[in-house]
Amino acid sequence: MSRVYVFDHPLIQHKLTYIRDKNTGTKEFRELVDEVATLMAFEITRDLPLEEIEIDTPITRAKTKVLAGKKIALVPILRAGIGMVDGVLKLIPAAKVGHIGLYRDPETLKPVEYYVKLPQDVKEREFIVVDPMLATGGSAVEAINALKKRGAVNIKFMCLIAAPEGVQVLQEAHPDVDIFIAALDEKLNEHGYIVPGLGDAGDRLFGTK
Ligand code: PRP
Ligand code: URA
């Protein structure tokens, strides 16, 4: 079974409060999502492999460590996942970025795929799929299906807010994919929205209705 990590760092929780607040406007919402994505990226990259190199400090020759150059690809689920991309790239600027376009049919709540574009060397990359919301889990499961269908074998999923229902669905469908979240909320409401949640992430990020 996959592992679930909840990043309850005080800075993340503080910023998440203002992200949730319905009085927070588009500009501030976008900035806060970006900042939380950076903070989460710091945690999610904790296990990146290092290699030893030798350098000269002003004092002496020293053996020290640098990143081993692991190939990472970030994959936002369109649209709302886009809001987390720049924040993650601040810490791993060399990552490639793929895109998976899905929207949730408002009647059935089932995800509908409309776009997939990935880096070419899918098998060699570690993928980080990002989306602010994990609600029923349908979009995350479908996005990861799309990645695996194209050969991806090493995948993590990162979101801001998850419902317990979505976590369970994702874990059952993809037991090999670890899940990284900033907050695990209470439940879904009858429209498939996370409670207390933050509302519609895409609409709040892009100022649409
Ligand atoms: C939202 C969100 C997730 C999905 C989560 O996207 O960004 O992708 O819903 O819900 P689920 O876990 O029940 O599938 P939405 O379908 O609203 O599309 P958008 O990002 O284009 O607004
Ligand atoms: N998608 C959102 O944007 N918000 C939710 O609460 C659930 C799905």
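Me: Which loop does Thr 136 lie in?
Reply: Thr 136 is in the loop that runs between strand E9 (133-134) and helix H4 (138-149). Helices (H or I, at least four residues) and strands (E, at least two) are DSSP runs, numbered from the N terminus.

Me: Before I go on, what kind of model is this?
Reply: This is a predicted model, where local features need pLDDT of at least 70, side-chain atom pairs count only at pLDDT 80 or more, and totals for chains, interfaces and linings use all residues; side-chain values use heavy atoms, with hydrogens and water left out. Residues are numbered from 1 along each chain as its sequence is written, while chains are lettered from A and ligands numbered from 1 in the order in which they are written.

Me: OK. Is Thr 136 buried or partly exposed?
Reply: Thr 136 counts as partly exposed because its relative accessibility is 23%. Buried means under 20% relative accessible area, exposed over 50%, and partly exposed in between (1.4 Å probe, protein chains only).

Me: And Gly 137, buried or exposed?
Reply: Gly 137 is in the loop between E9 and H4, and it counts as buried because its relative accessibility is 3%.

Me: What does Thr 136 touch?
Reply: Not counting residues up to four places away in sequence, Thr 136 touches Arg 104, Leu 109, Glu 165, Gly 166, Val 169 and Leu 188. Contact here means heavy atoms within 4.5 Å.

Me: Now the ligands. Which residues are closest to ligand 1?
Reply: 14 residues surround ligand 1, and the closest are Arg 104, Asp 131, Thr 136, Gly 137 and Ser 139. A residue is near a molecule or strand if one of its heavy atoms lies within 4 Å of it.

Me: What are the polar distances there?
Reply: A polar side-chain atom of Thr 136 is 2.5 Å from an oxygen atom of ligand 1. For Gly 137, a polar backbone atom is 2.8 Å from an oxygen atom of ligand 1. For Ser 139, an N or O atom in the side chain is 2.6 Å from an oxygen atom of the ligand. The protein covers 91% of the 500 Å² of accessible area that ligand 1 has on its own. Accessible areas come from the Shrake-Rupley method with a 1.4 Å probe; for residues, only the protein chains shown count as cover.

Me: What's your cut-off for a polar contact?
Reply: A pair of N or O atoms within 3.5 Å; within protein, one must be able to donate a hydrogen and the other to accept it, and residues adjacent in sequence count only if both atoms are side-chain atoms.

Me: Switching to ligand 2, what surrounds it?
Reply: Arg 104, Met 133, Ala 135, Gly 192, Tyr 193, Ile 194, Gly 199, Asp 200 and Ala 201. A polar backbone atom of Gly 199 is 2.8 Å from a nitrogen atom of ligand 2. Ile 194 has a backbone N or O atom 2.8 Å from an oxygen atom of ligand 2, and Ala 201 has a backbone N or O atom 2.8 Å from an oxygen atom of ligand 2. The protein covers 89% of the 240 Å² of accessible area that ligand 2 has on its own.

Me: Where do Gly 199 and Asp 200 sit?
Reply: Gly 199 is in the loop between strand E13 (194-195) and helix H6 (201-206), and Asp 200 is in the loop between E13 and H6. Gly 199 is partly exposed, at 36% relative accessible area, and Asp 200 is partly exposed, at 29%.

Me: Which side chain does Asp 200 pair with?
Reply: The side chain of Tyr 193, through a polar contact of 3.2 Å.

Me: And Ile 194, buried or exposed?
Reply: Ile 194 lies in strand E13 and counts as buried because its relative accessibility is 7%.

Me: Which residues does UniProt list with Ile 194 as "binding site"?
Reply: The unreviewed UniProt entry lists Ile 194, Gly 199, Asp 200 and Ala 201. From this set, the lining of the largest pocket takes in Ile 194, Gly 199, Asp 200 and Ala 201. UniProt positions are given in the numbering used here, feature names are shortened, and annotations may be inferred rather than shown by experiment. On a 1 Å grid over the protein atoms alone, a pocket is an open set of points where a 1.4 Å probe fits, with protein on both sides within 12 Å along at least five of seven lines; lining residues have an atom within 4 Å of a point.
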